[in-house]
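Open the model in your viewer and keep the selection panel at hand. The tour goes from a pocket to the domains and then to helix pairs.

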Amino acid sequence: MGKKGDLSDFERGMVVGARRAGLSISETADLLGFSRTTISRVYREWSEKEKISSERQFCGRKCLVDARGHRRMARLVRADRKATVTQITTRYNQGRQKSISERTVRRTLRQMGYSSRRPHRVPLLSAKNRKLRLQFAQAHRNWTIEDWKNVAWSDESRFLLRHSDGRVRIWRLQHESMGPSCLVSTVQAGGGGVMVWGIFSWHSLGPLVPIEHRCNATAYLSIVADHVHAFMTTMYPTSDGYFQQDNAPCHKAGIISDWFLEHDNEFTVLKWPPQSPDLNPIEHLWDVVEREIRIMDVQPTNLRQLCDAIMSVWTKLSEECFQHLVESMPRRIEAVLKAKGGPTRY
């Protein structure tokens, strides 16, 4: 009973059919779930005017933004994605006899499917970078998951002690803006951080190595000699493994290239395209580690505790987690091909 909104033509036809079949107003109301007043009104309109369709769709105030206005507003949004509602309203009203309010613009944009969202952050890609990314994707488009299982993924990452996440929101009343529970403390440079280097493949997680200072060529050579070599020869004893690293300056130093050249009979260094973190699944592992640390009941308060927390989370990563990331490689390659070397959602 008490159904809100007007009845459709089909529902009105059901009412008329039930009454003509001999059902009373109360019986029809119970059968169809409409109020007795609605049943009486619909049947009366049919009896007097032989009308079933509703005219309520022609009632009400005329919409200020018609189909042409929708197209105009869509062009304004596409021309400047960063425009505020105020700016869109001002530009829309230019040269028009009837102006509309910001509230109308906001409501119209929602009806059109637009919503305000934070933009995805992607690396800046030059034309040359796009070309190299596309060439890499084309060269590996036929690689299967079995092929990607032969790749060991590596990278460095820095974790801050005081992580500032701009996405955090709180619930508060207007006068509570400076309440202790409504504040987020910040410190310069995030209070310091811990840099680590890690490696993994589909088969196993590798070591996670803390980097005491900055990662220069000398420090990276120590990591490669002590950890990369042992991991690659253990995981791929038949010399069919590929080692992945990005194009950081310390990775491309002469002493590093010479070391890899001396061991090229044991594994192959994968030629990696520039500005391509979206193709490296270890980036998602760093995100998993970060999120796991932030939900710990006891948060680290100094760098030693932060380092211990990172190590603890890394060792507890499930096989399902990192294997699923490696298995996403064909989709990542396809995404780069579709974007013609441009940024992807990964």
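Start at the second largest pocket, which has a volume of about 510 Å³. This is a predicted model, where local features need pLDDT of at least 70, side-chain atom pairs count only at pLDDT 80 or more, and totals for chains, interfaces and linings use all residues. Residues are numbered from 1 along each chain as its sequence is written, and side-chain values use heavy atoms, with hydrogens and water left out.

A pocket here is an open set of points on a 1 Å grid over the protein atoms alone, where a 1.4 Å probe fits, with protein on both sides within 12 Å along at least five of seven lines. Points are joined across faces, edges and corners, and the volume is the space filled by probe spheres set on them.

**Pocket lining.** Select Arg81, Ala83, Ser115, Ser116 and Arg117. Of the 17 residues lining the second largest pocket, these lie nearest its centre; a lining residue has an atom within 4 Å of a point. H6 supplies the largest share, three residues. Helices are DSSP runs (H or I, at least four residues), numbered from the N terminus.

Colour the lining by class. Seven residues are nonpolar, three polar and seven charged. Nonpolar means Ala, Val, Leu, Ile, Met, Phe, Trp, Tyr, Cys and Pro; charged means Asp, Glu, Lys and Arg; the others, Gly among them, are polar.

**Domains.** Zoom out and colour domain 1 (9-49), domain 2 (67-113) and domain 3 (125-174 + 181-339). These bounds come from an automatic or database domain assignment. The centres of domain 1 and domain 2, taken over C-alpha atoms, are 44 Å apart.

**Helix pairs.** Select H4 (residues 67-79) with H5. They pack at about 130°, axes 10 Å apart. Axes are lines fitted to C-alpha atoms over the stretch in contact, and angles run from 0 to 180 degrees between N-to-C directions. H4 and H5 are therefore oblique to each other. Angles under 35 degrees count as roughly parallel, over 145 as roughly antiparallel, 65 to 115 as roughly perpendicular and the rest as oblique.

Next, take H9 (residues 217-235) and H10 (residues 254-262). Their angle is about 20°, with axes 9 Å apart. That makes H9 roughly parallel to H10.

Finish on H11 (residues 282-294) and H12 (residues 303-315). What angle do H11 and H12 pack at? About 120°, with their axes 10 Å apart. That makes H11 oblique to H12.

Key: Helices (H or I, at least four residues) and strands (E, at least two) are DSSP runs, numbered from the N terminus.
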